[in-house]
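Biologist: I'd like to learn how to read a model like this one. Could you walk me through it, feature by feature?

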Amino acid sequence: MSLDCKQVIEKFSLHQQPDLTYQEKIECRRHLIECKTCQSEYEEMLHTAAVLDSIPDPVPPPELVERIQTQIRETDSRSVLDFLVNPIARILVAVKLGPHPTFVNYTAMLFYLMLTIFMVKLTFFNSTEPSPVQLTRPPSPHVRIVRLGDVKHASLEAVKVEKEKPNEIPIQSTPSDFQ
Amino acid sequence: MIPDEIYVQKTIEGDPEAFNELVQRHHARIYGLAYRMLGNPDDASDATQEAFLEAYKSIQSFQFQSKFLTWMYRVGINVCQQYKRRSESRQRALTSYTKDIQERDAQYTSEYPDRVLLKTERDQLIQQAIDQLPSKQRLVITLFYMQQMKYREIAELLDCSEGTVASRLNTAVRNLKSKLEGLNLH
Ligand SMILES: [Zn+2]
C-alpha cells in the first residue's frame, strides 16, 4: 500500500504518531524521504511546533477557580429564588414542556397582572361603606326617611325642593328613587 | 482517577461539590484556549468563568456520548466566539491606537534586525502573530499545537472532517510562518 501526500501529512502529524501501526510509520517515513513537498510541509510543521512550544503556556490567575465556584454557588441560590419569581416557567420546565422563553415571560406577566387585579380588588373594593348606588337606592324606607330629614313622605314636591336647594340635602337623588 | 463523567452525573443529580472538581481539573486548559483565542489575560479569565457557568447551567444537555472535556471545549469555543463578537465593537475604537504601536514595533524591528529580542518581547510578538490569524485558523492552531489535540479530536470538536482540519491547519501554519518571518525571531 502506498500512501499519497495528503494521507502522510494527516497521519504523520505530531500527535497522531502514537496511533500509527509500525507498518504505517515505516510507510510515512519512506514517503517523507522521497517526497520533497511532504518533507517541506512536515518541516514547517515541526518549526511551527518549536516556535509555539517556546512561548510559555498561559497560567490562569490563582483566584480564578474560586471566582468560578463562587459564581456557581450564587447561581444555585438564585435558582431557588427563581421558583418564587417565575413559578410558571419552573412548572413548565418540570413537566418538560420546554416552551419558548418569550411565551413563558408573557404567561408569567399575565399571571402577575391577574394576581395584582385580584389583590387590589380584595383590598380596596371590599369595604362595608355603602357605595353611591346604595345611597341613591337606600336599602330600607327607614333610612330614606332619616336622610331626607323633615321630608317624611316621598313625593314629587320633595323632588322639587331637592332640586331647588341642593345644599340642604347632601344626597344626590334621582326621580326614579321615588317611584 | 475518577473519570469526569462520574462527576457530571453527580452534578446532574444535584451534588454541588461535583462540578467544583470539574472546574479544578479543566480550568487551566479552557483558560489556555481562551487566552490564545482572545489574546489577553483579563478577557481569558472572564471567558473561562462564563464558559464554566454556561456548562453548569446546561449540564443536563450533556449526552455522555463524547468526553466531558470535548464538550467543555465546545462550550468554551462558543463563549470565546461570542466574546470576540461583543468586544469587536469595543475594540474598533482602540484599533487605530494598537495599529500605531504595532507599526512602530515592526519598523523598529526592521531598522535594527540584529537586535536580540527579549524573551517576553518575543513571546508577545508570537502571540500577536497568532492574534492576527483568521479565527478559524487561530482556533485550529491552538487546539493542535497548544492543546495537543489530535486531528480526530479536533474534527469531532469542530464538527468537520479530519481532512478539513488538516487543510485548515496547513493554511494556518503557512500563514503564521509568513507573519513570524517578518519578526526576526531567534
Ligand atoms: Zn508527498
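This is a predicted model: local features need pLDDT of at least 70, side-chain atom pairs count only at pLDDT 80 or more; totals for chains, interfaces and linings use all residues.

Biologist: What span does α2(A) reach from its first C-alpha to its last?

Modeller: The helix covers residues 22–34 of chain A, 13 residues in total, and reaches 19 Å. That is close to the 18 Å expected at 1.5 Å a residue.

**Salt bridges**

Biologist: On to charges. How many salt bridges are there over all chains?

Modeller: A search of the whole structure turns up 10. The general idea is simple: side chains of opposite charge can pair when their charged atoms come close. Take Lys150(B) and Asp19(A), whose side chains meet in a salt bridge at 2.9 Å, N to O. This pair crosses between chains: Lys150(B) is in the loop between α6 (135–146) and α7 (151–158) of chain B, and Asp19(A) is in the loop between α1 (5–11) and α2 of chain A.

Biologist: Are the two partners buried or exposed?

Modeller: They get separate labels. Lys150(B) has a relative accessible area of 18%, so it counts as buried, while Asp19(A), at 45%, is partly exposed.

Biologist: Which residue does Asp46(B) form a salt bridge with?

Modeller: Arg67(A), with the closest N and O atoms 2.9 Å apart. That pair also crosses between chains, from helix α3 (residues 41–57) of chain B to helix α4 (residues 64–85) of chain A. Asp46(B) is partly exposed at 33% relative accessible area, and Arg67(A) is partly exposed at 29%.

Biologist: What about a pair inside one helix, such as Lys177(B) and Glu181(B)? How far apart are they along it?

Modeller: They are 4 residues apart in helix α8 (residues 162–181) of chain B, which means about one helical turn separates them. Lys177(B) is partly exposed at 29% relative accessibility, and Glu181(B) is exposed at 55%. Elsewhere, salt bridges with shared partners join Asp19(A), Lys150(B) and Arg152(B) into one network.

**Cysteines, a patch and chain B**

Biologist: How many disulfides does the model have over all chains?

Modeller: The count is 0. A cysteine can still be placed by its burial: Cys35(A) is buried at 14% relative accessibility, and Cys38(A) is buried at 2%.

Biologist: Which residues form a nonpolar patch on the surface?

Modeller: Phe111(A), Leu115(A), Phe118(A), Met119(A) and Leu122(A) do, with about 480 Å² of accessible area together. One of them, Phe118(A), lies in helix α6 (residues 101–124) of chain A.

Biologist: And how many helices and strands does chain B have?

Modeller: Chain B has 8 helices and 0 strands. Of its 186 residues, 46% count as buried.

Technical notes: Residues are numbered from 1 along each chain as its sequence is written. Chains are lettered from A and ligands numbered from 1 in the order in which they are written. Side-chain values use heavy atoms; hydrogens and water are left out. A disulfide is a pair of cysteine sulfur atoms within 2.5 Å. Buried means under 20% relative accessible area, exposed over 50%, partly exposed in between (1.4 Å probe, protein chains only). Patches are made of residues with over 30% relative accessible area and no salt bridge: like charges are joined within 9 Å, nonpolar side chains (Val, Leu, Ile, Met, Phe, Trp, Tyr) within 5 Å. Accessible areas come from the Shrake-Rupley method with a 1.4 Å probe; for residues, only the protein chains shown count as cover. A salt bridge is a side-chain nitrogen of Lys or Arg within 4 Å of a carboxyl oxygen of Asp or Glu. Helices (H or I, at least four residues) and strands (E, at least two) are DSSP runs, numbered from the N terminus. The expected span of a helix is 1.5 Å times one less than its number of residues.
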